[in-house]
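Subject: Structure handover

Hello,

Here is the structure I said I would pass on. Please open it alongside this message; my notes on it follow below.

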Amino acid sequence: MDRQNSTKAYEGYTRQENTADMFKEFNATQLYCPRCKQAVPVRKRLLLVLPEGDKYVYLCAFCSETVGTKMDRNRAQDSIIV
Ligand SMILES: [Zn+2]
């Protein structure tokens, strides 16, 4: 009986964490679209793979306008140091 109770509690905790993560990501990917004239959800698409990192482009989910780019500097710097 004790084991069953603790398993249920753990499942509830995990689900809460996942929801929080998704919400955080959703907020982070709201960008202003000049064509829609409002903040819109965006699609992240890998544009270029460069030695210093991956370059991503953010596209408006409604009209596919490019609303921003982002450089993800992986662990390249760490690798060089090590
Ligand atoms: Zn748009």
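Before the rest, two notes on the source. This is a predicted model, in which local features need pLDDT of at least 70 and side-chain atom pairs count only at pLDDT 80 or more, while totals for chains, interfaces and linings use all residues. Residues are numbered from 1 along each chain as its sequence is written.

Overall layout

The protein chain has two helices and four strands, in the order α-β-β-β-β-α from the N terminus on. Helices (H or I, at least four residues) and strands (E, at least two) are DSSP runs, numbered from the N terminus.

The sheet

The four strands form an open sheet in the order β1-β2-β3-β4, with antiparallel pairing. Strands β1 (30-33) and β4 are at the edges with a single partner strand each, so one side of each has no neighbour in the sheet. On average, neighbouring strands are turned by 40° against each other, direction ignored; the axes are lines fitted to C-alpha atoms, and angles run from 0 to 180 degrees between N-to-C directions. Two strands pair if DSSP finds at least two bridges between them.

Eight bridges join β2 to β3, and these two strands form a hairpin with two residues between them. Six bridges join β3 to β4 (residues 66-72). That hairpin has five residues between its strands, and in it serine 64 takes a positive phi near 65°.

Lysine 55 in β3 stands opposite leucine 48, and its bridge partner in β4 is methionine 71. Leucine 59 stands opposite threonine 66 in β4.

The core

Which residues make up the largest nonpolar core? They are Cys33, Val40, Val42, Tyr58, Cys60 and Val67, six in all. A nonpolar core is a set of buried Ala, Val, Leu, Ile, Met, Phe, Trp, Tyr and Cys residues joined through C-beta atoms within 7 Å.

Buried residues make up 7% of the 82 residues in the protein chain. A residue is buried if 20 or more other C-beta atoms lie within 10 Å of its own, exposed if 12 or fewer, and partly exposed in between, with C-beta atoms placed from the backbone.

Regards
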